[in-house]
Structure formats: C-alpha cells, structure tokens
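Here is a short report on one protein model and its ligand.

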Amino acid sequence: LEDLLAEGVAGRHVLVRSDLNVPLDGARITDDGRVRAALPTIRRLAEAGAKVVVAAHLGRPKGAPEEKYSLRPVAARLGELLGADVRLASDVVGEGAKAVVSSLADGQVALLENVRFDPRETSKDAGERDELAHAFAALVGEDGAFVSDGFGVVHRKQASVYDVARVLPAYAGGLVLAELDVLGRLTGNPERPYVVVLGGSKVSDKLAVIEALLPKVDKLLIGGGMAFTFLAAQGHSVGSSLLEQDFVETARKLLETEGDKIVVPVDVVVADRFAADAATDTVAADAIPEGWMGLDIGPRTVESFAAAVAGAKTVFWNGPAGVFEMAPFAAGTRGVAQAIADSAAFSVVGGGDSAAAVRQLGLPEDGFSHISTGGGASLEYLEGKELPGVAVLGEEG
Ligand code: 3PG
C-alpha cells in the first residue's frame with residue numbers, strides 16, 4: 001500500500017478487495033468489526049485522492065443475485081463510519097457497476113454488489129475467473145490498481161482475491177500486512193508457554209489445525225461442540241451432544257500421543273434441548289445424562305482453562321467454548337475470554353465467531369493484543385498452508 005501511495009493515486013481508480021462478510025440479523029449488522037477493520041486502507045486511499053472501488057462478498061450465494069445477500073446494509077454502515085456517502089452498485093461488473101464507478105469523483109468511495117452474485121467469482125475454472133478478473137480491471141481502467149485488503153478471504157482462490165491480482169498492478173493492504181505480521185509471531189518463535197484455546201462446533205473443520213499446532217504448543221485447550229468428540233474418545237457417553245463419530249478414532253489417537261498437551265472439559269453445562277429456555281444442569285464430563293446435550297463448558301473447566309491461560313506468555317483463541325449466543329450457555333466463552341483479556345500474554349483472537357463473542361459479551365477489545373478478522377484464513381495460516389491471495393502478491397513482486 002505504501003508503494004502505491006508513493007506512486008500517487010490521485011485521480012486513479014483503485015479496486016480494494018475487503019472482507020465485509022459480517023453477521024446479519026435481517027438487514028441489521030450484528031457485528032461490524034470487519035467493516036471497521038476495512039476502514040483505514042479505504043480511508044487512506046480516499047484521502048490521497050483515489051476513486052475507491054470496494055469489492056466484497058457476503059455469505060455464500062449460489063452465483064446469482066439474492067436479496068438477502070445484498071451488500072446494501074454494509075454500504076450504509078461503511079458510509080456512516082467513513083462519514084461520506086458510499087454508493088452501492090446494482091451489480092458486480094455490469095452496467096450498474098460501470099455507471100457508479102464512472103461517476104466517482106476523486107476521494108469518493110463506491111461498493112460493488114456482492115461479488116459472489118457472479119458465478120465466475122468462485123468458479124473452479126481458471127478461465128472463467130480470469131474473465132471476471134479482466135472485467136474488474138476494465139472497470140478501473142488503464143491506470144487502475146488493485147489493493148488486496150480482505151485478510152479473511154485470502155485463503156480463497158477466487159477472482160476478486162487471486163485472479164485479479166494477476167491482471168492489475170497489485171498491492172497488499174494495511175490490514176493484510178498487519179494480520180500477517182501478528183500471525184507470523186505465532187508461527188515464528190512464540191514466547192512460551194504457548195497456549196491455544198480451540199472451540200467451535202466441528203472437529204472435522206479444526207483437525208488439520210490441531211495436528212499442525214500440537215508440536216508447537218505447550219497446551220491445547222479444547223472446548224465448544226468439538227470437545228464432545230474428544231470426551232467420546234475417552235470412553236464417556238456424551239448423551240445427545242454434538243458428536244462426530246467418524247473422528248472419534250482420530251481424537252483417541254491424538255489423546256494417546258499428545259495427551260499431556262491436550263486439555264478437555266472436566267464438567268459441562270447440559271440442556272434437555274437446544275433452546276435458551278431449556279432445562280439445564282452442570283454435570284461432570286463423564287456423567288452426561290442420556291438424552292441431554294452439552295452446550296457449554298462448566299465452571300471447573302473454565303477455572304482450569306483460566307489457570308492455563310494465566311500462566312501463558314502467548315495465547316491464541318479460536319472458536320467459542322459454548323453456545324454463547326444463548327445466555328445460559330455463555331459463561332464458558334465469557335470466562336475463557338475474560339481470562340485471556342486479564343492475562344499479560346501476547347494474545348490473538350482468530351475467527352469471526354470468537355471476535356463477535358468478545359464484542360457481544362461486552363469484553364474490552366483492548367484486553368487482546370490482536371483480534372483477527374480472519375476465521376478460516378487465520379487457521380490456514382497457522383496450519384502452514386499457502387494463502388493464494390497472499391502468494392499471488394509475492395508473484396507480482
Ligand atoms: C469468512 O467469513 O471466514 C470469510 O469472509 C470467508 O468466507 P467464506 O468461508 O464463505 O469463503
């Protein structure tokens with residue numbers, strides 16, 4: 001970004017790929033963290049006189065426009081935060097986009113409609129993606145440039161993330177650079193003890209990262225829905241809790257070989273159904289009653305997780321410890337988050353859900369060294385996988 005600013009952007013069209021994939025309740029944004037994180041790069045370009053064209057996705061529409069995936073609420077929020085009008089194009093690269101882009105004055109910002117409304121964005125066919133990349137390039141014209149700033153999506157080989165960077169002069173945005181810098185501290189030489197807290201619902205999603213992290217960490221604390229697959233692997237009955245039967249064997253092997261590092265819940269909050277007004281109880285992890293489901297870690301587990309975090313010098317947390325959106329099952333996530341916020345460790349929160357939990361539970365954001373905007377992207381980075389949206393910038397030098 002600094003290179004581009006040094007070149008001068010006044011009067012030029014700059015396409016910025018941001019990750020504005022925010023959680024919505026109808027048309028209401030329930031957590032605008034990603035919009036706020038996207039602001040500094042957009043603002044700097046606008047202040048330098050660029051005509052800023054922001055491209056972003058929302059959810060996973062199937063390659064055609066769908067009202068519920070429109071970026072309209074996001075355009076409104078972006079405008080509010082910028083203190084300037086942000087016009088939303090009615091399409092991705094069609095007549096609507098051309099009209100909005102050509103109407104931009106220096107320093108103005110426009111947002112293209114959800115890039116995933118165009119089937120070429122996520123196409124497996126490189127030729128199709130390339131076609132869309134050229135359409136993006138045509139939008140910003142001869143002296144246009146591309147800034148990759150959507151860290152949360154750099155793990156996707158998609159037209160507005162990867163292919164366009166091969167067609168236009170491409171630069172890394174401030175957010176992408178900042179995220180890589182922080183996550184690099186975790187993979188480089190983290191200060192020990194290094195404690196990782198993982199949660200969320202599925203073991204299958206996190207298995208690769210668990211396997212990649214285990215050799216590097218001192219403790220791996222497992223909460224959330226995925227803990228039940230580990231409890232089952234210890235031979236406990238988990239009632240109606242979330243269980244991925246296909247992964248019990250893998251979990252058992254991990255416990256066998258890395259059992260000194262892996263910490264699983266010793267107690268859980270159970271409910272008779274998946275509802276905020278369900279009957280609840282707190283039971284030992286080996287005493288989950290038949291027909292009941294675990295929806296949060298229990299207080300003794302919170303205590304043991306908090307103790308591990310308190311002694312750590314580096315902490316990475318991804319995934320809520322329970323169904324924090326429902327008040328009776330929020331204490332575990334709150335306790336873990338509070339312990340991390342209270343610790344003096346270098347602490348990184350990764351993942352949309354955990355970041356949203358921090359904000360929704362009203363925890364001080366400055367208690368964490370870094371709240372990553374990347375969910376899958378931060379996990380893939382920690383797994384040591386190549387991120388196509390980052391690698392392509394290196395290719396361009
Ligand atoms: C995310 O929410 O992690 C990013 O915005 C990427 O979204 P995706 O998983 O639908 O590609």
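The shell around the ligand holds 1 nonpolar, 5 polar and 3 charged residues. In this scheme Ala, Val, Leu, Ile, Met, Phe, Trp, Tyr, Cys and Pro are nonpolar, Asp, Glu, Lys and Arg are charged, and the others, Gly among them, are polar. This is a predicted model: local features need pLDDT of at least 70, side-chain atom pairs count only at pLDDT 80 or more, and totals for chains, interfaces and linings use all residues. Residues are numbered from 1 along each chain as its sequence is written.

**Ligand shell.** Asp-19, Asn-21, Arg-60, Gly-152, Val-153, Arg-156, Gly-352, Gly-375 and Gly-376 surround the ligand. A residue is near a molecule if its C-beta atom, placed from the backbone, lies within 6 Å of it. Domain 1 (2-172) and domain 2 (180-383) each supply at least three residues of this shell.

**Domains.** The protein chain is divided into domain 1 (2-172) and domain 2 (180-383). These bounds come from an automatic or database domain assignment. The C-alpha centres of the two domains lie 33 Å apart. Across the boundary, 11 residues of domain 1 are in contact with 10 residues of domain 2. Contact requires C-beta atoms, placed from the backbone, within 7 Å. On the domain 1 side, the touching residues are 5 nonpolar, 3 polar and 3 charged.

**Helix pairs.** Helices are DSSP runs (H or I, at least four residues), numbered from the N terminus. Axes are lines fitted to C-alpha atoms over the stretch in contact, and angles run from 0 to 180 degrees between N-to-C directions.

| Helix pair | Angle | Axis separation |
|---|---|---|
| α10 (residues 299-310) and α11 (residues 331-342) | about 15° | 9 Å |
| α7 (residues 203-213) and α13 (residues 376-383) | about 35° | 8 Å |

α10 and α11 are therefore roughly parallel to each other, a label for angles under 35 degrees. α10 passes α11 in a right-handed crossing, with the near helix turned clockwise from the far one by less than a right angle. From α10, the contact uses Val-302, Phe-305, Ala-306, Val-309 and Ala-310. From α11 come Ala-331, Gly-332, Gly-335, Val-336, Ala-339 and Ile-340. By class, this contact has 9 nonpolar, 2 polar and no charged residues.

α7 and α13 cross in the left-handed sense, where the turn is anticlockwise. Ala-208, Val-209, Ala-212 and Leu-213 of α7 meet Leu-379, Leu-382 and Glu-383 of α13. Here the classes are 6 nonpolar, no polar and 1 charged.

Notes
Helix = DSSP H or I, 4+ residues; strand = E, 2+ residues; numbered from the N terminus. Parallel < 35°, antiparallel > 145°, perpendicular 65-115°, else oblique. Contact = placed C-beta atoms within 7 Å.
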